[in-house]
Amino acid sequence: MELIKHLDRWNLTPREKRAIGAAVGVVCLFLVFRLVIFPFWDARHRMQRSLTSKKAMLQEMQQLQQEYRAFVNRSSAVKNRLNSRRKGFTLFSFLEDAAGRSGVKNKIAYMKPSVQPLKASALKQSLIEMKIEPITMEELVNFLYHVETNDPLITVRRLSLFTSGDTREYLQAVMQVETIEK
């Protein structure tokens, strides 16, 4: 209104007054959008993006928490299994006992033990490479059954089989057996 009174001094036609009023209205509308509405929309979009990224971070943290709990449960299960072993347990003596129970003790050509400490732990990894010859498939299966069923922490890491003799009835077995010890 004040603007229209000032426009009267310039002797403008009603059409020119309306055009100037419309221009002023457009400028005011532009300023309202530029200073109020656009910043509000930008803030809203930033908040939505932030919320989306925070949700993704939360899901990742929950996944990591589940993995950590599973790791802790496995770790305590391994500790319980280690504690349930007889005192003075060694992989070497365990394999000799398993060979004796399966009837292949006299067929062991060699047993080469090695021990490596595990990083950041009081535990050590015990590994034995052994060769058994001549052995039948049935004897080998019986021996492997005794090795892998009596202690879940003992595993056969590698097994190589070769035929022995002309009849191919007998085999040579070279294997690596490993476990974790205190």
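Is Trp 41 buried, partly exposed or exposed? At 41% relative accessibility, Trp 41 counts as partly exposed; buried means under 20% relative accessible area, exposed over 50%, and partly exposed in between (1.4 Å probe, protein chains only). The notes below start from the basis of the model and return to this residue at the end.

1. Basis. This is a predicted model, in which local features need pLDDT of at least 70 and side-chain atom pairs count only at pLDDT 80 or more, while totals for chains, interfaces and linings use all residues. Residues are numbered from 1 along each chain as its sequence is written, and side-chain values use heavy atoms, with hydrogens and water left out.

2. Sheet order. Four strands form an open sheet in the order S1-S2-S4-S3, with antiparallel pairing. Strand S1 (108-117) and strand S3 (155-164) stand at the edges, each with a single partner strand, so one side of each has no neighbour in the sheet. From one strand to the next the twist averages 10°. Helices (H or I, at least four residues) and strands (E, at least two) are DSSP runs, numbered from the N terminus. Two strands pair if DSSP finds at least two bridges between them.

3. Strand pairs. S1 and S2 pair in the antiparallel sense over nine bridges, and Tyr 110 stands opposite Lys 131 in S2. S2 and S4 run antiparallel and are joined by ten bridges; here Ile 132 stands opposite Ala 173 in S4. S3 and strand S4 (residues 170-181) are antiparallel over nine bridges, with Arg 158 opposite Gln 176 in S4.

4. Helix on the sheet. Helix H4 (residues 137-150) packs on the sheet and touches strand S2 (124-135), S3 and S4. Contact means heavy atoms within 4.5 Å. The direction of H4 makes about 170° with that of S3. Axes are lines fitted to C-alpha atoms, for helices over the stretch in contact, and angles run from 0 to 180 degrees between N-to-C directions.

5. Core. The largest nonpolar core has 21 residues. Such a core is a set of buried Ala, Val, Leu, Ile, Met, Phe, Trp, Tyr and Cys residues joined through side-chain atoms within 4.5 Å. Leu 95, Met 130, Phe 143, Val 147 and Met 175 have the most contacts inside it. H3, S1, S2, H4 and S4 each supply at least two residues of this core, and H3 gives the most, with five residues. In soluble globular proteins, nonpolar side chains tend to be buried together.

6. Phe 143. Leaving out residues up to four places away in sequence, Phe 143 touches Leu 95, Ala 98, Ala 99, Ser 102, Val 104, Met 130, Ile 132 and Met 175.

7. Salt bridges. The count comes to three salt bridges, each a side-chain nitrogen of Lys or Arg within 4 Å of a carboxyl oxygen of Asp or Glu. Lys 107 forms one with Glu 139, the closest N and O atoms being 2.9 Å apart. This pair links distant parts of the chain, 32 residues apart: Lys 107 is in the loop between helix H3 (91-102) and S1, and Glu 139 is in helix H4. Lys 107 is buried at 18%, whereas Glu 139 is partly exposed at 22% relative accessibility.

8. Other charged pairs. Lys 131 and Glu 133 meet in a salt bridge (3.9 Å, N to O); Lys 131 is buried at 19% and Glu 133 partly exposed at 27%. Glu 178 forms a salt bridge with Arg 157, with the closest N and O atoms 2.8 Å apart. Glu 178 lies in strand S4 and Arg 157 in strand S3, so the pair ties together parts that are 21 residues apart in sequence. Glu 178 is buried at 17% relative accessible area, while Arg 157 is partly exposed at 47%.

9. Aromatic pairs. There are three aromatic pairs by the rule used: rings of Phe, Tyr and Trp (its six-membered ring) pair if their centres lie within 6.5 Å, and planes under 30 degrees apart count as stacked, over 60 as edge-to-face and the rest as tilted. The rings of Phe 33 and Phe 38 have centres 5.9 Å apart and planes at 55°, so the pair is tilted. The pair of Phe 38 and Trp 41 is also tilted, with ring centres 5.8 Å apart and planes at 45°.

10. Aromatic cluster. Phe 33, Phe 38 and Trp 41 form one aromatic cluster. Phe 38 and Trp 41 are three residues apart in helix H2 (residues 14-84), and so are separated by about one helical turn. Phe 33 is partly exposed at 29% relative accessibility, and Phe 38 is partly exposed at 34%.
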